[in-house]
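Hi,

Here is the structure I promised to pass on.

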Amino acid sequence: AAAAAHTFFVANPGHQEMRQNLEYYQAMAGVREDDFTDLEAKPHLTEFRLGVRFYTEEQPAAAILHLEKALEEYFVADTECRALCEGPYDYEGYNYLEYNADLFQAITDHYMQVLSCKQGCVTELASQPGREKPLEDFLPSHFNYLQFAYYNNGNYEKAIECAKTYLLFFPNDEVMNQNLAYYTAVLGENLAGPIQPREEIQAYRQRSLMEKELLFFSYDVFGIPFVDPDTWTPEEVIPKRLREKQKVERETAARISEEIGNLMKEIETLVEEKAKESADMSKFIREGGPLVYEGASVTMNSKTLNGSQRVVVDGVLSAEECRELQRLTNAAASAGDGYRGKTSPHTPSETFYGVTVLKALKLGQEGKVPLQSAYLYYNVTEKVRHMMESYFRLEVPLHFSYSHLVCRTAIDEKQEGRSDNSHEVHVDNCILNAEALVCVKEPPAYTFRDYSAILYLNGDFEGGAFYFTELDAKTETAEVQPQCGRAVGFSSGSENPHGVKAVTKGQRCAIALWFTLDPRHSERERVQADDLVKMLFGAEEGDLLRETETEPLAAVAVGKDEL
């Protein structure tokens, strides 16, 4: 877990939740510093970064060691990358049955594709996780660092060799030519003259230029596009017509870039205007439907919670039902669910006890927990689902994405000086970047989640309040104190960042529920739980389940007596 988190964080250094996860792992007993490894690290890039670091710290001997190793690993990676380019033709959008090139055209297409892929290894090997652009002139830059490191280490022969190697790529570089002249003067022309650029680099450059000539020729004659990954390519390699075309394209790109910049300014202005209107948007949100269950009542709505698509409902459970479900959690954990005694994944200052609906039903079937308690748990989750559908006036049914009953227990000896939360501020279906005030809806976030709910089973503990914030994860907009039978429901998007304050004493138990409007992301365990309920409780309950899918309001009238 530490290695996976570190690998993700290397590529996404602005990800606040992953930073918090890493801090948590670092505080765990038994986790060592060398557990935090980058699982996607490229050896040549690792060695290069080390070499540059020692270079900037004025440790030339160490810099030379790592930069030479980086070159060695670079050519290993280059050989592998180029080998992987050898393969069947990628039709790139063609249906292969519709591809009707003759033999010579097919050979040309395939060969050019392989050559273009091999040239692309320059970009592949210079790309770093989390960086949009590859390192420019990556291979030549090794020799720029090396020539000066060797000079500082007193090795003029190697300094000259590396300077001449760099000049293979940039023969008109004024600074490098001056360095070479200085090294030659110190060493003497008779000793410096015979020193040649490195043979493997000469061969690399010659091969690359031959490939470029073929690729530019196919671009010019056959119209097969090629984007040169290098800046050092001599102008004479590029056909004259292409040089003129590229000049026009660069001018066009500059003009388009300027136009895009102007357009972005206009968009920013529009966004600011829309933001000013956002306060009035709540009237367009469809919420405030009936709760459909007797005894349940809305105690806070979006307006009182200072947001949108938010609700707090009391009276969802009776005191006895709360106690029964709380006993179920601890009984299920003791029976071996796997949660018992585990430190919370969100803080080292609390432990986690929990059970899913399917696990509870299976434990009930095995006689390890009261079966009726497991069935109550199942029905309560259905009850909350129907309430959410009705209150938020949804036109399509909600499907369970994930649900579990979980208790967080404060570890008494770890409360002194505690500054973290029970669960830091986050958003349920996107990755929150509080510093940038954005929430990116992409994996590994659960992007398919649409609504969330928490049903509390108790309030006899200290701390543990649920709270909403702005996108900055700091400005608190509303706080909800847990108590038996109280449910908090809200939409899962960026409009509702939320967290849980530290549980500093006692045990806090709740049923956490996430829903999706997309049946393709319906929780597989829930389908198994539905089938198990039909088997355990007979056709009557099975019929009830089918009714609730098509007519929620009618089904509620039957279902409430069971709860």
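Let's start with a pair of residues: L455 sits opposite I511 of β16. Before going on, this is a predicted model, with local features needing pLDDT of at least 70 and side-chain atom pairs counting only at pLDDT 80 or more, while totals for chains, interfaces and linings use all residues. Numbering runs from 1 along each chain as its sequence is written, and side-chain values use heavy atoms, leaving out hydrogens and water.

Strand β9 (residues 451-456) runs antiparallel to β16 over 6 bridges. Strand β5 (residues 399-410) also pairs with β16 in the antiparallel sense, over 10 bridges, and there T409 has Q507 as its bridge partner. (Strands are DSSP runs of E, at least two residues, and helices are runs of H or I, at least four, numbered from the N terminus; two strands pair if DSSP finds at least two bridges between them.)

How much of β16 is buried? 10 of the 10 residues of this strand (507-516) are, so it is largely enclosed by the rest of the structure. Buried means under 20% relative accessible area, exposed over 50%, and partly exposed in between (1.4 Å probe, protein chains only).

Now for helix α8. Its buried residues are M176, N179, L180, Y183, T184 and L187. They cover an arc of only 135° around the axis, which puts them on the same side of α8; the arc is that of the directions from the helix axis to the C-beta atoms. The face turned away from that side carries the exposed E174, V175 and A185. After α8 comes G188, with a positive phi near 105°.

Cheers
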